[in-house]
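Morning, everyone. Please have a look at the structure on the screen while I talk.

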Amino acid sequence: MSTLKATGITKTFSGVTVLHDISLDVPGGKIVALVGENGAGKSTLMNIFAGALRPDSGSILIDGQPQQFHSVSDATNAGIAMIYQELNVFLNLSIAENFLIGNEGAYARSGGLIDRHALREAVMSTLEAVGLRRNPDDLVADLGVGERQLVEIGKALRRKSRFLILDEPTAALTEQETSRLFLILRSLRDQGVSIIYISHRLAEVFELADSVVVLRDGQEVASQSIAETSESELVTQMVGRQITNLYPRIASAPGKVALRLDRVSTAKTHDVSLTVRAGEIVGLGGMMGSGRTEIARAIAGLDPIIAGTLELDGEARHFRSPRAALAAGVAFLTEDRKYDGLVLPFSAQQNLALPTLDTRQRFSWISQHEERAFAQRMRDSLRIKLQSLDQPVERLSGGNQQKVALGKWLERNPKALVLDEPTRGVDVGAKQEIYNLMNDLKRQGKAILMISSDLPELLGMSDRVYIVRDFTIAGELDGHDMTQVEFMRFATGGK
Amino acid sequence: MMKWIDQTKRKTTSARFNLGWMQKYHLGPALGFVIIFVALSITSRSFLTVHNLLNVALQTSVNALLAIGMTFVILTAGIDLSVGSILAFSSAITAGLLIGHVNIVLASVIGLVVGALAGLLNGLFVAYGRLAPFIVTLGTLTLFRGATEIYTGGVPIFNLPEAFSSFGAGALVGIPIPVLVTAVIFALGLLALQRTTHGRRIYAIGGNERAAFLAGIPVKRYLMAVYVICGALAALAGLVLTSRLGSAEPTAGFGYELDAITAVVLGGTSLFGGEGTLWGTIIGALILGVISNGLNLLNVNSFYQDAIKGVIILFAIMLDRKRAS
C-alpha cells in the first residue's frame with residue numbers, strides 16, 4: 001500500500017506565513033481527518049497536495065519518493081485526487097460523458113471517435129464500486145448532490161487514484177447520503193486507498209477517521225490517533241482556548257407571543273401552526289427537504305400565504321413581499337449567505353447599510369459620514385474582524401460574512417428574527433460569537449426562530465423545538481423531552 | 001489575525017470597492033486614454049489643438065449620452081440593444097412636430113417623453129415580464145426601427161427650423177452646447193449613482209438581486225427605472241444628433257448600441273452587473289472618440305480604421321482585466 005507524506009511544508013503569501021513547517025503522514029489504507037477553523041490553512045495545504053499550489057519549502061513524498069508537482073495533472077498522475085466542496089462535474093452531460101472528459105485517450109478509437117461500448121463498460125463497473133445505482137446515460141443534472149459526489153469519486157478511482165482528498169464532503173448531503181458516503185469511504189480504505197478528510201463536523205471525524213490532525217493559524221497543533229482524543233479536546237486545540245460550554249443557552253423569561261402562525265398554508269407547506277414568544281429562541285428542525293425553509297419563506301413574505309393567519313404582536317398580517325415583512329418587523333437570515341444574503345462585490349459597510357439606507361438619507365442623499373459611523377458601530381458590537389470597512393465582503397471569512405449578513409438586520413430593530421442555519425460554514429470560534437449574539441437578542445426581547453441541521457446546536461440553543469415533516473409541523477419538544485432520540489422519532493415519523 | 005489575512009490573498013475582482021482613488025476611479029482605462037492621447041499628439045500636428053479637441057468632444061457627445069444611459073442598465077446586469085432605434089424614433093417624432101410648427105421646447109420635450117416611454121416598454125417586459133433584457137431589447141430594436149420607418153415613410157425629415165439647429169451647432173463661452181449638455185448629464189448621473197440611495201440600490205440589484213429583494217428594495221421598480229433613464233437619454237442623444245444634422249434620418253443611430261456598450265465595457269463596467277462607474281464610461285467614450293478622430297487625422301484608409309479600432313479595443317480591455325486580477 002502506498003503512503004503519502006509531507007514534511008516541513010511552509011507557504012507564504014506576500015510575506016504572510018499561512019503554513020508553517022507542517023508535516024503530515026497518511027499511511028496506506030487509513031483515513032486521516034484534517035480539522036481547524038476557517039483560515040487555519042487547511043485549504044492551502046490541500047491545494048499543495050493537489051498540485052494547485054507549490055510550497056516555499058518542504059516536500060511531498062509518495063512511498064518515500066520526493067515529488068515535484070508543477071500542476072494539478074502532475075498530482076493526478078501521481079495518484080492524488082481532490083474532491084472539492086463545489087463539485088467539478090458537468091451538469092449538462094451524462095454520467096458516462098463526465099467520465100470521458102479529461103480521460104478521452106482511454107476510450108478513443110481511430111479518427112477521434114469514442115468507443116462508447118468500452119466507456120459504458122468502464123462506467124458501469126465503477127458505478128458499482130462506488131455504490132451508485134444509476135444508468136451511465138443519466139444526466140448529472142438529474143442526480144442528487146450525494147450522487148454527483150459519487151460520480152467524482154468514481155472518476156478519481158478510474159484514474160487509479162491512491163489518495164483521495166475530500167473537502168467538507170457532507171456539507172450539502174442528507175443523513176442518508178452521508179451514511180452511504182461513509183460506507184463507500186470505508187470500503188475504499190479497506191481496499192488500500194488513503195483518504196484525507198476535511199470537516200467541520202467533529203462527530204463525523206470520530207465516526208470515520210483513524211487519526212486526526214489539527215491546524216491552527218498555519219501551525220500544526222496536534223496529530224493524534226482518534227482513540228486518544230475527544231471532541232472537547234479537539235475543539236480546544238482548534239480554537240486555542242477552552243470552550244466550556246459549546247451551546248451557551250441562557251435561561252429564558254419569555255414575554256407575550258410575538259409571532260404566531262395558525263394553520264398557515266402556502267403552495268408548499270400546509271397547516272403550519274407555531275408560536276414564538278418575545279425573548280425566546282425556538283428551534284425549527286427536521287430532515288433536509290422537510291419544509292423548514294419553506295415555512296421560513298412564508299413568514300418572511302417570500303411565498304404567499306394562501307390559507308391560515310400569521311400574527312405579529314397579536315395583529316393579523318399579510319405580507320406581500322420581504323419589504324412588507326421587514327417593515328412590519330420580521331427579519332430573515334437566509335441559509336446561503338452567498339446566494340441571497342450578501343451583495344458580494346459590496347463592502348462590509350455597504351452590506352450592513354443596505355436594509356437601512358433610508359434612515360441615513362436626506363432627499364435620497366447618502367450621508368457618507370453617518371454611514372461610516374453606523375458601520376463602525378456595527379463592526380465593534382458584532383466584533384467583525386476586517387482590515388477595512390471598505391473591504392469587499394467576498395474576501396471575509398465565513399464567520400465574518402455571517403456576522404455581516406445577520407448584523408445588517410439589527411438596525412431595523414425587528415420584533416422577530418428567522419435565522420436559517422445561522423452557523424453554517426462558520427468555524428467554532430465564530431459560532432460562539434453568533435450564539436452570544438443570539439443570546440443578546442433574546443435578552444432584548446426579540447422572538448427568534450432558528451432553523452438548524454446541526455442537531456446538537458438545535459437542541460442546545462433552543463428553548464423549545466418544533467419538528468417539521470412533510471411540510472407541516474410534526475411535533476414539539478421542550479424541557480427534558482428535547483433529546484436527539486425524541487427528535488428523530490418525530491422527524492422520521494417513527495413510533 | 002491569520003483568519004482574514006489569507007483570505008485577502010485571493011484575487012481581486014472588484015475594482016470599484018478597493019482602497020485608493022486610483023482603482024476607485026478605474027484608472028486602467030484612463031491610462032489607456034492618456035497613452036493614445038499622447039501618441040496622437042506626437043504623430044499628428046493637428047490633433048492637439050483647441051479646435052480639434054472640442055471637435056472630438058462634440059463628436060463623442062452622442063455616444064457618451066447613450067453610454068451613460070447604458071451604464072445604468074448594465075449595472076443591473078441588463079443590456080439595452082434598442083437605444084439606436086429609440087434615438088431614431090424619438091428624433092423622427094420631434095422633427096415631425098417641428099415641421100408642423102410646434103414650439104421647439106415642446107417638440108423636444110415630447111421627443112424625450114417618447115424615448116422614456118420606449119424605455120418604459122423595455123422595462124415592463126424585463127421587470128414584470130421577467131424576460132431576458134437581451135431578447136426584449138433585440139425585439140424592440142426592430143420594433144422601434146420599424147415604427148420610425150412607418151412614421152417617416154422611409155425618407156428623412158428636413159427643413160427643420162433654424163433655431164433648433166442652433167442648439168446642436170451653438171456654443172457657450174466657446175464650448176459646444178452638446179458637450180455642455182453631456183457634461184451636465186454626466187455629473188448628474190455620477191452623483192445619482194455614487195451618492196444617492198437610488199444609485200446604491202442599483203448597484204445592489206446588479207451585485208445580488210435576491211439579496212437586494214430581501215433587503216426590502218423594490219427591485220422591479222428600479223429595473224424599470226433604469227430602462228426609462230436609458231430610453232430618455234437615447235432620445236436626448238437623438239435631439240443632439242438631429243439638430244446637428246438639421247434633419248431626422250430614418251436610419252439614424254443604426255448600430256449605435258454597440259458603440260455605447262463598447263464604451264461602457266471599455267470603462268471597466270462588468271456586464272454581470274454591480275461593478276463599474278460612470279467615470280469609466282465617459283473615459284471609454286472618449287477613447288473611442290479619440291481613436292476615430294486620430295485615425296482620420298492620420299489619413300488612415302477607412303477600411304483599416306475599423307480593424308485598428310477593434311484591435312485597440314481588445315487590447316485596452318485585456319490591459320484592464322490584467323490590472324484588475
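First, the ground rules. This is a predicted model, where local features need pLDDT of at least 70, side-chain atom pairs count only at pLDDT 80 or more, and totals for chains, interfaces and linings use all residues. Residues are numbered from 1 along each chain as its sequence is written, while chains are lettered from A and ligands numbered from 1 in the order in which they are written. Helices (H or I, at least four residues) and strands (E, at least two) are DSSP runs, numbered from the N terminus.

Start with the sheet in chain A. Six strands form an open sheet, in the order β6-β7-β8-β3-β9-β10, with mixed pairing. Two strands pair if DSSP finds at least two bridges between them. Which strands are at the edges? β6 (80-83) and β10 (219-225) of chain A, each pairing on one side only. On average, neighbouring strands of this sheet are turned by 15 degrees against each other, direction ignored. At one end, β9 (residues 211-216) of chain A pairs with β10(A) in the antiparallel sense, over six bridges. There, A:V212 stands opposite A:Q224 of β10(A).

Now the helices. Two residues are in contact if their C-beta atoms, placed from the backbone, lie within 7 Å. Axes are lines fitted to C-alpha atoms, for helices over the stretch in contact, and angles run from 0 to 180 degrees between N-to-C directions. Helix α1 (residues 42-49) of chain A lies across β3, β6, β7, β8 and β9 of chain A, at about 150 degrees to β7(A). α5(A) lies across β6 and β7 of chain A, at about 170 degrees to β6(A).

α5 (residues 145-158) also meets α6 (residues 175-190), both of chain A: their axes come within 10 Å and cross at roughly 15 degrees. That makes α5(A) roughly parallel to α6(A), a term for angles under 35 degrees. Which residues make the contact? From α5(A), they are A:G146, A:Q149, A:L150 and A:I153; from α6(A), they are A:E177, A:R180, A:L181 and A:I184. By class, that is four nonpolar, two polar and two charged residues. Here Ala, Val, Leu, Ile, Met, Phe, Trp, Tyr, Cys and Pro count as nonpolar, Asp, Glu, Lys and Arg as charged, and the others, Gly among them, as polar.

Next, strand β19 (residues 416-420) of chain A. Five of its five residues are buried, so β19(A) is largely enclosed by the rest of the structure. Buried means that 20 or more other C-beta atoms, placed from the backbone, lie within 10 Å of a residue's own. A:A416, A:V418 and A:D420 point one way, and A:L417 and A:L419 the other. β16 (residues 330-333) of chain A runs parallel to β19(A), joined by four bridges. Strand β20 (residues 447-451) of chain A also pairs with β19(A) in the parallel sense, over five bridges. A:L419 has A:L333 as a bridge partner, and A:M450 of β20(A) as another.

Over to chain B. B:I202 is found in helix α10 (residues 197-207) of that chain. Why is B:I202 counted as buried? Because B:I202 has 27 C-beta neighbours inside 10 Å. Beyond four places in sequence, its contacts include B:F72, B:L75 and B:Y222.

Last, the two chains together. 42 residues of chain A are in contact with 30 residues of chain B. By class, the chain A side has 20 nonpolar, 15 polar and seven charged residues.

Technical notes:
Angles under 35 degrees count as roughly parallel, over 145 as roughly antiparallel, 65 to 115 as roughly perpendicular and the rest as oblique. A residue is buried if 20 or more other C-beta atoms lie within 10 Å of its own, exposed if 12 or fewer, and partly exposed in between; C-beta atoms are placed from the backbone.
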